[in-house]
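Please have the model open while I speak.

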Amino acid sequence: MLANSGIGTLAAVLGIAVLAGGALVLVRAVPEQKFVEYRMSEPQDAPIAIAAGTDGSIWFTIDHADAVGRLRNGRVERLPTSSRNIEPLGLAVAADGSAWYTVLGARAIARISSGGEIARFVLDTPIARLGRLAIAPDGAAWFADPTGYGMTRLKDGVFTRYQIESARGGPYGVAVTADGAIWATLQNGNQLLNIAADGTGRTFDLPRGGAVPTDVAVGSDGSVWFLQFRANRIGRFKDGQFWDLEAGRENAGLSGIAVAPNDDVWFGMLRSASLGRLRNGHITVFALPRDNARPFSVAVDRDGNVWYADISGFVGMLPARHAGAR
């Protein structure tokens, strides 16, 4: 499973065969596409998770580094964290401009303010792995705990754990709706999990067996979009119905998903060194400037620019004028 394999072994699972079936429409990207990329100052830095703030700042975590990254006004900043992080998969920006992220080594969830001040909230369990993280409208931080087969809410310094009834569990991706509901992917269970605002939970079995759902995002119309890593497909769940689309005849290594203000769905294609855009049932592939690019996470900012964290040592952006091109 992806969440259990770690970043270092991710490439080893990218050669899994694609399941057949389903309609597919791939469109070449417009030739005038132009990317803006920022190389990391330290050669060992590997950006992992990425998130956009409402003030225009772009935050990202850095694997095996004692810092969190921030990009604003065209400059990359390295904000010290005093401890080295490992597989920092979870990251989200709150309404006040602070960033929340998972700290695996310290068994904690951390908050870093716009001024660089850090607060850590240590878990009381022997966490071995942590998945993605999202911020709810009430300011609570929700994160996946694949080791404990649960979802956890952090609010006002208090952890509230939601145990997943299915023993298959394996949560990884997390997304929050405008009304405070939580959606998560259960890799081992091949399911979507929904936790309503009142705390009641429900799981939905994916119709495609062994798909391995990973990242998840929610559209403005309530659609739940998710990656099916092993099946190499983009899935949608809405009004109790599943739909999906193959992302190519060869396994692209899908990783990271985000919904743009215009409801375009963006995702990373690790093995193809590309970004993908799903619009009206059509996928357009945007090849990144470097053949060795590995876009692990994606985010879309308030202006429609598409950002990606590239584990080969870059943070990049596809400007909105090119991202929206037909």
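Let me begin with a convention for residue classes: Ala, Val, Leu, Ile, Met, Phe, Trp, Tyr, Cys and Pro count as nonpolar, Asp, Glu, Lys and Arg count as charged, and the others, Gly among them, count as polar. What you see is a predicted model, in which local features need pLDDT of at least 70 and side-chain atom pairs count only at pLDDT 80 or more, while totals for chains, interfaces and linings use all residues. Residues are numbered from 1 along each chain as its sequence is written, and side-chain values use heavy atoms, with hydrogens and water left out.

On confidence, which pLDDT gives for each residue on the predictor's scale from 0 to 100, the chain averages 88, and 89% of the residues score at least 70. Over residues 1-32, however, pLDDT stays under 50. Where pLDDT is low, the predicted coordinates should not be read in detail.

Now to the largest pocket, where a pocket is an open set of points on a 1 Å grid over the protein atoms alone, each fitting a 1.4 Å probe, with protein on both sides within 12 Å along at least five of seven lines, and where lining residues have an atom within 4 Å of a point. The largest pocket holds about 1,400 Å³ of space, counted as the space filled by probe spheres set on the points, which are joined across faces, edges and corners. Its lining has 50 residues, and Ala52, Ala92, Ala134, Ile135 and Val176 lie nearest the centre. By class, the lining residues divide into 31 nonpolar, 12 polar and seven charged.

Which strands each supply at least two residues of that lining? Among them are S3 (46-52) and S19 (213-218), strands being DSSP runs of E of at least two residues, numbered from the N terminus.

Both of those strands lead us to sheets, in which two strands pair if DSSP finds at least two bridges between them. S3 belongs to an open sheet of four strands, in the order S3-S4-S5-S6 with antiparallel pairing, and its edge strands are S3 and S6 (75-80). Within this sheet, S4 (residues 58-63) and S5 (residues 67-72) pair over four bridges, and Thr61 stands opposite Val68 in S5.

S19 belongs to another open sheet of four strands, ordered S19-S20-S21-S22, again with antiparallel pairing. Four bridges join S19 to S20 (residues 224-228), and the bridge partner of Ala217 in S20 is Trp225.

Methods
Contact = heavy atoms within 4.5 Å.
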